[in-house]
Amino acid sequence: MHSCGLHGRGALFDTDPPGLVARLVGLCPFQHGPTPLEYAKEPPFVVFTGGPGLGKSAVLGELRAAYQGHTPLALIDCEDELFARPPALRPGEAWSPVSQAVLTIAEQLAEPVTGAGRIAFPRLTAGLLAVAAGGWRDRDLPRIRQEAERILLLNDTGSWVAGFTGRWVGRVSTRLVDALSGTGLVVEPIIEATLEVFSEGVTPTHRRLRKAATWYRDCPSAGGNPKLGLILLSGHFRAGGDSRTHAERYLVRALLADLDDAYTGAVQRTHRPGRPVVLVDNVQATAGVGLIGSVLRDRADGIADRVAFFAGLRGDGHPSLHNAARRALPEVARATGWEPGGTVSSHALLVPLPPPTTASPQAVEAGR
C-alpha cells in the first residue's frame, strides 16, 4: 500500500492483493500496473458515508493523487460555491448545478494522460450550447462569446496544428453570435448554426462533430430530427422541475457517451488502460444528487458507461439511495459481493468509513 497517511484504509488502496479501488479502476493506485476488474461490465457507484471528520474528502483526495495523469480523472465538491448559483449575468433558466457539474467534470476528464491525448466531448458540446442559448440575448455579446468559447473548447483533442483550435473556436463562436437577432429566444437559430458548423469539413474532427450532432435525433419526441432533439432539450431545461431533470439526465448521458468513444476500438483501449475515474465529494448537495441520479437511472435502464465513480456522502444515507447495498470497509477488501437489483438505487454501494488511524501499523505493533 502507498504510504498516504490514511492508515486503516488498506481495504481501499492495497495493491497486493488488490483492494477495492484497484479492482474497480483496473489500475493499481500509485503503481499504475494493470489489475483484473472485479466487474467487467457495470461496477457499483461507490459512496463513502459517515459524519464529519471520518476522512471522506481525504479518501477522494488520495484517489485523485493515485490516478491523476494516468487515467482520465475529475474531482468536484458539490458544496463548492461554483455550484451554488449561476455566474454573474447568466439567467437561471439556462444554468443549473448539474449542468455546471457536467461541464466542470468534462473539462477535467479532457486533460491528456500518460500515453494518450485529450478527450473530446462533441455530444456534450452540442447539448450545452443548446442549453446556454436559452439564456442568450444580443444585449451581452461578450458574455455570450465567452460562454460559447468555453463550451466549444471541449472539442479540443490537442492533436491539431498549434493555434488551429483557437482559430476554429473563435470562428465558430462568431458564427453563433451572428445568429443572434432581436431580443427574444435565440435557441433555434443558435442550434441551426451549431449543426451547420458541425456538418462542415472533412477532417476526423468534423466527422466526430457530425456524428455527435446526429446523436440527438434519438431524444424522445425528436422523431429522428437532431435539430428538434436539441430544441426539446433546451426547452425542457428552461421549463424547470421534472422537465429540467430529464434534460440534465441527457447532458450526463452525453458526457458518458463521449467518454465511451475515447475507449472504443483496439487502439484506444491499448492506450487507455483501466477506467476513467470521477470523484464526487458532498454528493448530498444538489449537483451531486442530480448527477448520481442520472447515472444510476441510466445504468438501471441498461445504458452502460465505463466510469469508476466514487463519492463522499455526509451522513449514513440519502432517500435516493434507499435500496443501495451496504458493506463495512473490511468487507470490500478482497471482493464486494455486490450485485445490482431491480431498483435504481441498488446500482450504488454504500461503504461507511470508520475513523482513520493516524499511526502506522508498525507503530501500533510497537506500542503494544
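This is a predicted model: local features need pLDDT of at least 70, side-chain atom pairs count only at pLDDT 80 or more; totals for chains, interfaces and linings use all residues.

Let me begin with a question: in which loop does Ser221 lie? Ser221 lies in the loop between α9 (204-214) and α10 (226-239), where helices (H or I, at least four residues) and strands (E, at least two) are DSSP runs, numbered from the N terminus. Ser221 has a positive phi of about 75° although it is not a glycine, and with 67% relative accessibility it counts as exposed; here buried means under 20% relative accessible area, exposed over 50%, and partly exposed in between, using a 1.4 Å probe and protein chains only.

Residues are numbered from 1 along each chain as its sequence is written, and side-chain values use heavy atoms, with hydrogens and water left out.

Now for the overall picture. The protein has 14 helices and six strands, and of its 368 residues, 52% count as buried.

The six strands form an open sheet in the order β2-β3-β4-β1-β6-β5, with parallel pairing, and two strands are said to pair if DSSP finds at least two bridges between them. At the edges stand β2 (73-77) and β5 (325-326), each with a single partner strand, so one side of each is left without a neighbour in the sheet. Further in, strand β1 (residues 45-50) pairs with strand β6 (residues 348-352) in the parallel sense over five bridges, and the bridge partner of Val46 in β6 is Leu349. Helix α4 (residues 97-109) packs on this sheet, touching β2 and β3 (277-281), and its direction makes about 145° with that of β2. Contact here means heavy atoms within 4.5 Å, and the axes are lines fitted to C-alpha atoms, for helices over the stretch in contact, with angles running from 0 to 180 degrees between N-to-C directions.

Let me turn to charged side chains. Side chains of opposite charge can pair when their charged atoms come close. The structure holds 19 salt bridges, a salt bridge being a side-chain nitrogen of Lys or Arg within 4 Å of a carboxyl oxygen of Asp or Glu. In one of them, the side chains of Arg249 and Asp301 meet at 2.7 Å, N to O. Arg249 lies in helix α11 (residues 241-261) and Asp301 in the loop between α13 (286-300) and β4 (308-314), so the pair ties together parts that are 52 residues apart in sequence. Are these two residues buried or exposed? Arg249 is buried, with a relative accessible area of 16%, whereas Asp301 counts as exposed at 51%.

Another salt bridge joins Arg306 and Asp260, whose closest N and O atoms are 2.6 Å apart. This pair also links distant parts of the chain, with Arg306 in the loop between α13 and β4 and Asp260 in helix α11, 46 residues apart. Arg306 is partly exposed, at 27%, and Asp260 is partly exposed, at 26%. Elsewhere, Arg123, Lys211, Asp258 and Asp261 are linked in a network of salt bridges.

Finally, two details of the backbone. A cis peptide bond, with omega about 0°, joins Asp16 and Pro17, and Pro17 sits in the loop between α1 (10-13) and α2 (20-25). His32, in the loop between α2 and β1, has a positive phi of about 65° although it is not a glycine.
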